[in-house]
Amino acid sequence: MSLIVAIVGVLGTLGSSVWTQRLGQQTKAREMAHEAERATIQHSREQEARQYNELRITCSNLNVRAREYRDALNELFFALRDRSVTAEIREEVARSRREYRTTRGEAQMIIGDAVLDASSIVNRELGRAYGILMRMDRSQPPRRDDSLDEAERILQSVMVATNVMRQQMRNELGVSASAGPPRRPTTDPAVAERGKAGRFGSTST
């Protein structure tokens, strides 16, 4: 009888040991799974933060470069009007245009559709103003509607389009006070500005 009791005691001890070991393994496995899940979440958050920061920097750079390019074209416009174009003004137009085009090319791979649509309008109007002013500066054969008045009107529309683009950027970055999700632009600010009177230098941006 004592032998049976001893055997049962040994088996109980072994069983308890095995159970304790298995319980410990299960606990460790759960902890490892929890750590892996936490690491995955942390990695995802860090990746989202990097992507957001990249988008913020891209939008800021594109906005700045577009404004610099427009300002350079403004300067050329006034110089043509006053017949006071200098090599420095031409060089600034070339530099700002080059940097803007580089920045926009990089931004096209990052920005969302709404910002891309708005930036396309800015790009189109800047290109139109550049073409007119360059043809006039180089005394090239004019195209239909080439004139300082037309260049001024287009530069006015650039300012409006730039404001729209900046608002779309703020929407995409989630810093706009506007309610609702970002929306694609439904109107062309260049068209909306047609016929407006006034100097383009008076509009606030």
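**View 1. Helices α2 and α3 side by side.**

**View 2. The residues where α2 meets α3.** Look here for R90, V93, R97, Y100 and R104 on the α2 side. Across from them, α3 brings S119, S120, V122, N123, L126, Y130, M134 and D137. Sorted by type, the residues of this contact come to six nonpolar, three polar and four charged. A handy reminder for reading such a view: an α-helix has 3.6 residues a turn, so residues three or four places apart point the same way.

**View 3. Helix α3 against helix α4.** Now turn to the pairing of α3, residues 113-137, with α4, residues 148-173. Their axes lie 8 Å apart, and the packing angle is about 160°. That angle is over the 145 degrees mentioned above, so α3 and α4 are roughly antiparallel too. Here again α3 passes α4 in a left-handed crossing. The residues of this contact comprise 19 nonpolar, four polar and five charged.

**View 4. Helix α3 from end to end.** Just beyond the helix sits S139, with a positive phi of about 55°.

**View 5. Helix α4 and the glycine after it.** The 26 residues of α4 should span 38 Å at 1.5 Å a residue; the end C-alpha atoms are 37 Å apart, which agrees. Following α4 comes G174, where phi is positive, near 75°.

**View 6. How confident is the prediction, and where?** Over the chain, pLDDT averages 82, and 78% of the residues score at least 70. Confidence is highest in helix α2, residues 87-107, at a mean of 98, and lowest in helix α5, residues 189-192, at 40. Across residues 179-205, pLDDT stays under 50, although the model has 47 contacts beyond four places in sequence for them. Please look at such a stretch with care: where pLDDT is low, the predicted coordinates should not be read in detail.

Conventions
Residues numbered from 1 in each chain as written. Predicted model: local features only at pLDDT ≥ 70, side-chain atom pairs only at ≥ 80, totals over all residues. Heavy atoms only, no water. Axes fitted to C-alpha atoms, helices over the stretch in contact; angles between N-to-C directions. Helix = DSSP H or I, 4+ residues; strand = E, 2+ residues; numbered from the N terminus. Parallel < 35°, antiparallel > 145°, perpendicular 65-115°, else oblique. Left-handed = near helix turned anticlockwise from the far one by under 90°. Nonpolar A, V, L, I, M, F, W, Y, C, P; charged D, E, K, R; others polar. Expected span 1.5 Å × (residues − 1). pLDDT = per-residue confidence, 0-100. Contact = heavy atoms within 4.5 Å.
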